[in-house]
Number of protein chains: 2
Amino acid sequence: MALPTELIQASRFGKARSAQSTALLEDYVELIADLLANEGEARPTDIARRLGVSHATAIKTVSRLKRAGLATARPYRGVFLTEKGEALAQRVRTRHRLVVDVLRAIGVPLESAEADAEGIEHYVSEATLQAFSRFLRGRA
Amino acid sequence: MALPTELIQASRFGKARSAQSTALLEDYVELIADLLANEGEARPTDIARRLGVSHATAIKTVSRLKRAGLATARPYRGVFLTEKGEALAQRVRTRHRLVVDVLRAIGVPLESAEADAEGIEHYVSEATLQAFSRFLRGRA
DNA sequence: GTCAAAATGGAGCCTTGGCTACATCTCTAA
DNA sequence: TTAGAGATGTAGCCAAGGCTCCATTTTGAC
């Protein structure tokens, strides 16, 4: 093999770990976009309820989103996405659909596909996404 | 729909979050089993190198493994798995292979399949695993 | 057999992502 | 128009999972 096993493996685990840290932000951005589209506004309490966490936790994470340049929010005035946030939401939404569609195509029940996709989607690389697209096109 | 959207969604996110907390333990158990099988022993330093973390981090997590009843370790004497740990390692290994095989079957390049599986495997439910098996059998 | 290198373990620090409890603001219904 | 409900924000706590730095133990080379 080209590289020592341990280096290959370490880099894989490292990637998985860093994916974990962005997973939460992706979930928030996706949900905020959804709330803005369907409810017209994204309030911390709604975000908290949808994610199943306390409102305090939601507010704290929203401030992380702001720090990351993904969202804007003024006190007592709801949350909005920046351009960067919108772009991320779009990518995340597309990826989510693709993952669910592939799972469905493989024969995973709808409910399991939706639930598992919530975790899986954060670990699907670009190369894998492309393979997913090809796979779906191939059986369309 | 049977349940309010927000409850369904909250439970999905909740599941994904709790999967995250077990993911690390699963990785450790899988790796320790691998080291025991291939090297005859699992030393904290090797674990750390393979995972790409500091040895101190590895040691701390091994003590979590002990607390969880998955591993045993005496000072300066390497790490071993309990029966419960062995069983978990076996399940994790099987699942890992299944995920990689499905990704490969779909057309994901080997390297991406191995790398992405490292993250994906922790979020694949029992129902999805079964669908994966059926899918592979169906095209064998 | 000794001593230096390597492995191991521990202490203490940071960030993240949870929580509860409390304080403050907004808004709506009477 | 004003009280009370509900939403929002703040503070302080916890555990997990990283890290570095330091002390100790083991081990291997001479």
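This is a predicted model: local features need pLDDT of at least 70, side-chain atom pairs count only at pLDDT 80 or more; totals for chains, interfaces and linings use all residues.
Q: What are the spans of the C-alpha trace of chain A along its principal axes?
A: The trace spans about 55 × 40 × 25 Å. Within chain A, 34% of the 140 residues are buried. Of the contacts in chain A with a separation of 6 or more, 45% join residues 24 or more positions apart.

Q: Why is B:Ile47 called buried?
A: The cut-off for a buried residue is 20 or more other C-beta atoms within 10 Å of its own. B:Ile47 has 23 such atoms within 10 Å, and therefore it counts as buried.

Q: Where does B:Ile47 lie, and which residues is it in contact with beyond its neighbours within four places in sequence?
A: B:Ile47 belongs to helix α2 of chain B. Leaving aside those sequence neighbours, its contacts are B:Leu31, B:Ile32, B:Leu35, B:Ala42 and B:Ala58. B:Thr57 is ten residues from B:Ile47 along the chain, and their C-alpha atoms are separated by 9.9 Å.

Q: What makes the buried residues of α2(A) lie on the same side of the helix?
A: The buried residues of α2(A) are A:Ile47, A:Ala48, A:Arg50 and A:Leu51. Around the axis they cover an arc of only 165°, and therefore they are on the same side of α2(A). These buried residues pack against α1 and α3 of chain A, together with α1 of chain B. After α2(A) comes A:Gly52, which has a positive phi near 75°.

Q: Which residues of the largest nonpolar core touch the most other members?
A: The core has 67 residues, and those that touch the most other members are A:Ile32, A:Ile47, A:Val99, B:Val29, B:Ile32 and B:Val99. Helix α4 (residues 83-106) of chain B supplies the largest share of this core, namely eight residues. Not counting residues up to four places away in sequence, A:Ile32 touches A:Ala42, A:Ile47, A:Ala71, A:Val79 and A:Leu81. In soluble globular proteins, nonpolar side chains tend to be buried together.

Q: How many residues does each chain give to the contact between chain A and chain B?
A: Chain A gives 38 residues and chain B gives 38 residues. On the side of chain A that touches chain B, two or more residues come from each of α1, α2, α4 (83-106), α5 (110-120) and α6 (126-138). The most, twelve residues, come from α1(A). By class, this side of chain A has 18 nonpolar, ten polar and ten charged residues.

Q: Which residues are the closest to DNA strand D?
A: There are 21 residues around DNA strand D, and the closest are A:Arg43, A:Thr45, A:Ala56, B:Ser54 and B:Ala56. To count as near the strand, a residue needs its C-beta atom within 6 Å of it. At least two residues of this surface come from each of α2 (44-51) and α3 (55-67) of chain A, and from each of α1 (5-39) and α3 (55-67) of chain B. With five residues, α3(B) gives the most. The surface near DNA strand D divides into ten nonpolar, seven polar and four charged residues.

Q: Which residues come nearest to DNA strand C, and which element gives the largest share of the surface near it?
A: Among the 21 residues around DNA strand C, the nearest are A:Ser54, A:Ala56, B:Arg43, B:Thr45 and B:Ala56. Two or more residues come from each of α1 (5-39) and α3 of chain A, and from each of α2 (44-51) and α3 of chain B. The largest share is that of α3(A), with five residues. By class, the surface near DNA strand C has ten nonpolar, seven polar and four charged residues.

Notes. Residues are numbered from 1 along each chain as its sequence is written. Chains are lettered from A and ligands numbered from 1 in the order in which they are written. Helices (H or I, at least four residues) and strands (E, at least two) are DSSP runs, numbered from the N terminus. Ala, Val, Leu, Ile, Met, Phe, Trp, Tyr, Cys and Pro count as nonpolar, Asp, Glu, Lys and Arg as charged, and the others, Gly among them, as polar. Two residues are in contact if their C-beta atoms, placed from the backbone, lie within 7 Å. A nonpolar core is a set of buried Ala, Val, Leu, Ile, Met, Phe, Trp, Tyr and Cys residues joined through C-beta atoms within 7 Å. A residue is buried if 20 or more other C-beta atoms lie within 10 Å of its own, exposed if 12 or fewer, and partly exposed in between; C-beta atoms are placed from the backbone. The arc is that of the directions from the helix axis to the C-beta atoms.
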